[in-house]
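I opened my notebook to go through one structure step by step. Each entry records what I looked up and what came back.

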Number of protein chains: 2
Amino acid sequence: MVSVHLENGQVGLTDAPVPPRPPGVALIRLLAGGICNTDIELRRGYYGFCGCPGHEFVGEVVEADNPALIGKRVVGEINLACGTCKWCQRGLGRHCPARTVLGIVRHSGAFAEFLTLPEVNLHVLPDAVSTEAGVFVEPLAAACEILDQVQIPTGSAVALLGDGKLGLLVAQVLQASGLQVHQFGRHPDKLSIAARRGVTTEIARESMPEAEYEWVVDASGSASGLQTAVRMTQPRGTVILKSTVHGTVPVDTAPIIVDEITLVGSRCGRFEPALALLAAGKIDVASMIAGSYPLTRAVEAFEHAERKGTLKILLTAD
Amino acid sequence: MVSVHLENGQVGLTDAPVPPRPPGVALIRLLAGGICNTDIELRRGYYGFCGCPGHEFVGEVVEADNPALIGKRVVGEINLACGTCKWCQRGLGRHCPARTVLGIVRHSGAFAEFLTLPEVNLHVLPDAVSTEAGVFVEPLAAACEILDQVQIPTGSAVALLGDGKLGLLVAQVLQASGLQVHQFGRHPDKLSIAARRGVTTEIARESMPEAEYEWVVDASGSASGLQTAVRMTQPRGTVILKSTVHGTVPVDTAPIIVDEITLVGSRCGRFEPALALLAAGKIDVASMIAGSYPLTRAVEAFEHAERKGTLKILLTAD
């Protein structure tokens, strides 16, 4: 079967065997996958990754213990947890210390004709959600995670830094949940996607508002994003860190302490709220698709995805 | 009157006039003051400070509009707030953007024979609290602030980095409030002060426990403290930042995001809980006094306070 292979910073195609299916694990045929910034970081060698990448996908279940799954379109939670530790028992398998992660940590990814995932990780995609939109469930769940971590009163103003893929999802999720999002970005065309959903958008300036917001989300993906976010935050306010930057960033801790600001790191989320939002048509993901390539043209797809300012690139089975 | 004067990194004495007393403001005669790390930073010129420093004190009210205050021993909240803004109305004058701060920001400090503070800032020192112990009310309130900011379930294990003045107060406050404090420091003699109050103490090692604590307080005053604290914290855990370091510190944000760690900056606190703890004899501050000098020997007192590893140095009126 055709599989994307990533090694030493090179993306290529390989002919891999169909993966074995242990008990409780489903064999899934890929319908569509999405290239995420994390995949691009993997290609740059940041995590010493070698193998098949891909963690955003919609597939069709080919084989499974649970007959109700067979033939269904599914999306899958990417953390493969032990199921028994204290984290798993709290429903936080995403933090299981023994976890592997689809296409990221010691589990072959979704950019292949066939992939495997435990059946407990799978969610059947509602008919109302297209396959292309379903590819966004995983990053959308990461955007929804913010609302699982902090209680933001309805109607609150929230500043958001960044208009990349994650920024646009965060903007739409928070706006759809009854918050007043004020998004700062650098690309009018991208900001317009959020603006059509009611988000107030603005081109980021040299001098940003100071100490103005009780809630600030940094999805800028920039080394200076954290410092900017802290400066924009009121005393006793909260900054949610939604994007990583490779390596260390310089942080002046004095304003964090003097103004008693809270910083909250935020990563993956539950799939349920993301599926509900997509099924209800509350999130425009179609406008975020910048291109679609068959798996056999994955090298070209990665090149496109890595071009500065590119939104979502899909990989499809055909 | 004798007053300490700090300018261009030099501590000296000056003969200043007794400060005027506007309506609502008390004239206070100094009984004892305490030299804080912030005072030492002011001397190093970090904040361009020029004038009389000092914000930890016990004094006797000489003149005031409220006759009940006259002759009383008092301590005073150090933030002079406007009283009308939204922060002041929420009882958070400590974050009033128009505030001045005793001996730190545009308000002459306590290291003088006489000082002034608004009467609303004053708290009468209970008879059960000695003047020397009363000097610790302000930093003790800063330690208590942690419990106003985060809800730590009774009996929880809390790791604490640092055994300096603030670290020892934080250790005792958290232990006295029913938490199991595990304090890491570098000085057996200092750690023994906390250990006598039931704190588990340990000499900080090259390799500290990883991902072990749900709650970690950094009072290390070290540039590496934040990184160490993050490494010691469990996924979804909380790091409380209690000590500033001048300038920027390098922070790897990846583990904060991957493990969804919360960081909480923490500064000044309300005086009430600190007064109650001291009145109840719950905090050993006497063991933290490393020396006492009359105001006229302030230069010597600062030299002593700046010696590495020195705990609290007092300045007294006589």
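The entries below go from the whole assembly down to single residues.

**Entry 1: the two chains.** I noted at the start that this is a predicted model. I then superposed chain B on chain A, which took a rotation of 180 degrees with 0.0 Å of shift along its axis and gave an RMSD of 0.0 Å. The two copies are therefore related as by a two-fold rotation axis. Both copies use the same surface, since 100% of the contact residues of chain B recur in chain A.

**Entry 2: the interface between the chains.** How many residues of chain B are in contact with chain A? I found 38 residues of chain B in contact with 38 residues of chain A. The area buried between chain B and chain A is about 3100 Å², and carbon and sulfur atoms give 56% of that. On the chain B side, Arg236(B), Ile257(B) and Glu260(B) lose the most area to chain A, together 20% of what that side buries. I counted two salt bridges between chain B and chain A. I also looked up the salt bridge of Glu145(B) with Arg236(A), where the closest N and O atoms are 2.9 Å apart.

**Entry 3: the domains of chain A.** Twelve residues of domain 1 of chain A are in contact with twelve residues of domain 2 of chain A. Between these two domains of chain A, the buried area is about 1100 Å², with 58% from carbon and sulfur atoms. The rule finds one salt bridge across this interface of domain 1 and domain 2 of chain A. I also looked up Arg94(A), which forms a salt bridge with Glu145(A), the closest N and O atoms being 3.4 Å apart.

**Entry 4: a helix in chain B.** I went along helix α6 (residues 188-195) of chain B and asked which residues are buried. They are Lys190(B), Leu191(B), Ile193(B) and Ala194(B). These residues lie on the same side of α6(B), because they cover an arc of only 145 degrees around the axis. On the other side of α6(B), Pro188(B) and Asp189(B) are exposed. I then checked what covers the buried residues of α6(B), and the cover includes α5 (165-176), β12 (180-185) and β13 (200-203) of chain B.

Entry 5: Leu315(A) is in strand β19 (residues 312-316) of chain A. Is Leu315(A) buried or exposed? Leu315(A) has a relative accessible area of 0%, so it counts as buried. Not counting residues up to four places away in sequence, Leu315(A) touches several residues, among them Leu31(A), Phe111(A), Tyr293(A) and Ala301(A). I also took the C-alpha separation of Leu315(A) and Gly291(A), which is 8.8 Å for two residues 24 residues apart along the chain.

Next I turned to Thr228(A), which lies in helix α7 (residues 225-232) of chain A. Its relative accessible area is 16%, and the cut-off for buried is under 20%, so Thr228(A) is buried. Leaving aside neighbours within four places in sequence, Thr228(A) is in contact with Leu161(A) and Met208(A).

**Entry 6: salt bridges.** Side chains of opposite charge can pair when their charged atoms come close. A search of the whole structure finds 28 salt bridges over all chains. I wrote down a few of them.

- Asp65(B) forms a salt bridge with Arg21(B), the closest N and O atoms being 3.0 Å apart. The pair links distant parts of the chain, 44 residues apart: Asp65(B) is in the loop between β4 (56-63) and β5 (73-76) of chain B, and Arg21(B) is in the loop between β2 (10-15) and β3 (25-35) of chain B. Asp65(B) is partly exposed at 44% relative accessibility, and Arg21(B) is partly exposed at 28%.
- Arg297(A) forms a salt bridge with Glu300(A), with the closest N and O atoms 2.7 Å apart. Arg297(A) is partly exposed at 39% relative accessibility, and Glu300(A) is partly exposed at 36%.
- Arg21(A), Glu63(A), Asp65(A) and Glu119(A) are linked in a network of salt bridges.

Notes
Residues numbered from 1 in each chain as written. Chains lettered and ligands numbered in written order. Predicted model: local features only at pLDDT ≥ 70, side-chain atom pairs only at ≥ 80, totals over all residues. Heavy atoms only, no water. Buried < 20%, exposed > 50% of the residue type's maximum accessible area, 1.4 Å probe, protein only. Helix = DSSP H or I, 4+ residues; strand = E, 2+ residues; numbered from the N terminus. Arc of directions from axis to C-beta. Contact = heavy atoms within 4.5 Å. Least-squares fit on C-alpha atoms with pLDDT ≥ 70 in both. Buried area = accessible area lost by both parts, 1.4 Å probe. Salt bridge = Lys/Arg side-chain N within 4 Å of Asp/Glu carboxyl O.
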